[in-house]
Amino acid sequence: ITIGTIGLLITESLGQENFLSGIDWPDRIMSALFESVSARTAGFTNMPISIEKISDSGLLLLMALMFIGASPGGTGGGIKTTTLAALMASTRATLRGQDDVVIRNRQISDKVVLKAVGITVGSLLFILMMALLLSMTGNNADEPFSFIEMLFTCISAFATVGFDLGVTKQLGHFGPFVLVIGMFVGRLGI
């Protein structure tokens, strides 16, 4: 939550877009905090998110937060924070040349690490397949969606967040079906 809040404050303060501009700093901090929490669980937004209003780096940060998702005890989607923790600990152990993955003086079994890798890679491949299918389907928009808009929508659906950049209302007949399947698979887990 803290990394997401600080990240949104930085990306939207440095960017040319105006997602958090026009409001004073206390409200800006609260808005960034709200969006950081919401991207991991709820999908509510206190300011409209659109491709014109938020920077690409801000969109990337929101996509990462949505992909990671909530903790296992919560109802949010995503790969879960514990999966990310296992991946980060495994990466740290690998870079240090250690044979064992350790988190807070407890050894993590290879089975848990492999499960975390499998969940993450499977989720990434599923989201990319969703984006590929969306890009192949027609839409009712005057101009085609950018890949980042489609990817954002697919991650949002998979992580059961509910953020939208205006893509879903303009999808063709097959597009909503892809998103519904993505929500279903994302909620059950890959």
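Leaving aside neighbours within four places in sequence, Gly-77 is in contact with Ile-68, Gly-69, Ala-70, Ala-159 and Thr-160, where contact means heavy atoms within 4.5 Å. This is a predicted model, so local features need pLDDT of at least 70 and side-chain atom pairs count only at pLDDT 80 or more, while totals for chains, interfaces and linings use all residues. Residues are numbered from 1 along each chain as its sequence is written, and side-chain values use heavy atoms, with hydrogens and water left out.

**Gly-77 and its loop**

- Gly-77 sits in the loop between α3 and α4; helices here are DSSP runs of H or I with at least four residues, strands are E runs of at least two, and both are numbered from the N terminus.
- At 1% relative accessibility, Gly-77 counts as buried (buried is under 20% relative accessible area, exposed is over 50%, and partly exposed is in between, using a 1.4 Å probe and protein chains only).
- From the C-alpha atom of Gly-77 to that of Arg-106 it's 26 Å, with the two residues 29 apart along the chain.

**The β1–β2 loop**

- Arg-104 is found in the loop between β1 (101-103) and β2 (106-108), and it has a positive phi of about 50° despite not being a glycine.
- Arg-104 is also exposed, at 78% relative accessible area.
- Asn-105 belongs to the loop between β1 and β2 too, and again we get a positive phi in a non-glycine, this time about 65°.
- With a relative accessible area of 79%, Asn-105 is exposed.

**Nonpolar cores**

- The largest nonpolar core has 39 residues, and Ile-49, Leu-62, Met-66, Met-130, Phe-152 and Phe-163 touch the most other members (a nonpolar core is a set of buried Ala, Val, Leu, Ile, Met, Phe, Trp, Tyr and Cys residues joined through side-chain atoms within 4.5 Å).
- At least two residues of this core come from each of α1 (2-14), α2 (25-40), α3 (56-68), α5, α6 and α7 (175-188).
- Take Phe-152: not counting residues up to four places away in sequence, it touches Leu-59, Leu-62, Met-63, Met-66, Phe-163, Asp-164 and Leu-165.
- There's a second, separate core of 5 residues, including Ala-93, Val-101, Ile-108 and Val-113.

**α5 against α6**

- α5 (residues 110-136) and α6 (residues 147-158) pack at about 130°, their axes 9 Å apart; axes are lines fitted to C-alpha atoms, for helices over the stretch in contact, and angles run from 0 to 180 degrees between N-to-C directions.
- That makes α5 oblique to α6 (under 35 degrees is roughly parallel, over 145 roughly antiparallel, 65 to 115 roughly perpendicular, and the rest oblique).
- On the α5 side, Ser-123, Phe-126, Ile-127, Leu-128, Met-130, Ala-131, Leu-134 and Ser-135 meet Phe-147, Met-150, Leu-151, Cys-154, Ile-155, Ala-157 and Phe-158 of α6.
- Sorted by class, the residues of the α5 contact with α6 come out as 13 nonpolar, 2 polar and no charged (Ala, Val, Leu, Ile, Met, Phe, Trp, Tyr, Cys and Pro count as nonpolar, Asp, Glu, Lys and Arg as charged, and the others, Gly among them, as polar).

**α4 against α5**

- Helix α4 (residues 81-95) packs on α5 at an angle of about 115°, with the axes 9 Å apart.
- α4 and α5 are therefore roughly perpendicular to each other.
- Thr-83, Ala-86, Leu-87 and Ser-90 of α4 meet Val-113, Ala-116, Val-117, Ile-119 and Thr-120 of α5.
- The contact of α4 with α5 has 6 nonpolar, 3 polar and no charged residues.
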